Amino acid sequence: RSFHREVRTLVVVARKQRSKDKIITDRRSLTAILSGLMAQGKTVVLTNGVFELMHVGHTRCLEDARSRGDFLVVAVNSDESAERLKGKGRPVVPADERMEVLAGLGFVDYVTTFDEDTADKLIEQLRPSLYAKGSDYTIKTLPERDTLKKFDLKAVFVGDKKTHSSTKLLQKIQKVKLKKA
């Protein structure tokens, strides 16, 4: 008589990071994480923007920014900051939703928010390896250039020639007559 022994193997699969886990709004926590990464020799790239309606220009800029380092941190203007920069009635998408969309992108490692109109305070606190901005900026037009110089940080200009904008998308949407279903 033969006995068969059933062997069961338990396979543990690490849970993939959920996009919401990438959102860190507490600046002290984010600073600690990034300091630890840079202490390990990792390159941390910081970029920022309103990211009101995601479009291909945003994707190209963010992918390019990520290719410049090991980790990409995207800082999103708060609703109040976006309104000051873009005008009354903007943004049309709230900051928490804009952050979640960005966090859903595989090449974005961390997402945070900021209330100021420029990223100067954020740069001063986070001290990234590199600061990335879209190709519509130059070192002369970059609002944060003095802060970068103060902390001896390099700016990189990413993405392709600016031919897309959330504002233009919104204008196009306003012209479309929506049919009733």
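**View 1. How the strands line up in the sheet.** Two strands count as a pair if DSSP finds at least two bridges between them. With that in mind, welcome to this predicted model, where five strands form an open sheet in the order S3-S2-S1-S4-S5, with parallel pairing. At the edges are strand S3 (110–114) and strand S5 (154–158), each of which pairs on one side only. From one strand to the next, the twist averages 30°.

**View 2. A closer look at strands S1 and S2.** Here strand S1 runs parallel to strand S2 (residues 71–77), and six bridges join the two.

**View 3. The largest pocket and its centre.** This pocket has a volume of about 690 Å³. Its lining is made up of 33 residues. Nearest the centre you will find Gly 49, Lys 133, Asp 136, Tyr 137 and Lys 162.

**View 4. Where the pocket lining comes from.** Strand S1 (44–49), helix H2 (56–67), helix H3 (79–86), strand S4 (130–134) and helix H7 (166–175) each supply at least two residues of the lining of the largest pocket. The largest share, four residues, comes from H2. By type, the lining divides into nine nonpolar, 15 polar and nine charged residues.

Definitions and conventions:
Residues numbered from 1 in each chain as written. Predicted model: local features only at pLDDT ≥ 70, side-chain atom pairs only at ≥ 80, totals over all residues. Heavy atoms only, no water. 1 Å grid on protein atoms, 1.4 Å probe; cavity = no way out; pocket = protein on both sides within 12 Å on 5 of 7 lines; lining within 4 Å. Points joined across faces, edges and corners; volume = space filled by probe spheres on them. Nonpolar A, V, L, I, M, F, W, Y, C, P; charged D, E, K, R; others polar. Axes fitted to C-alpha atoms, helices over the stretch in contact; angles between N-to-C directions.
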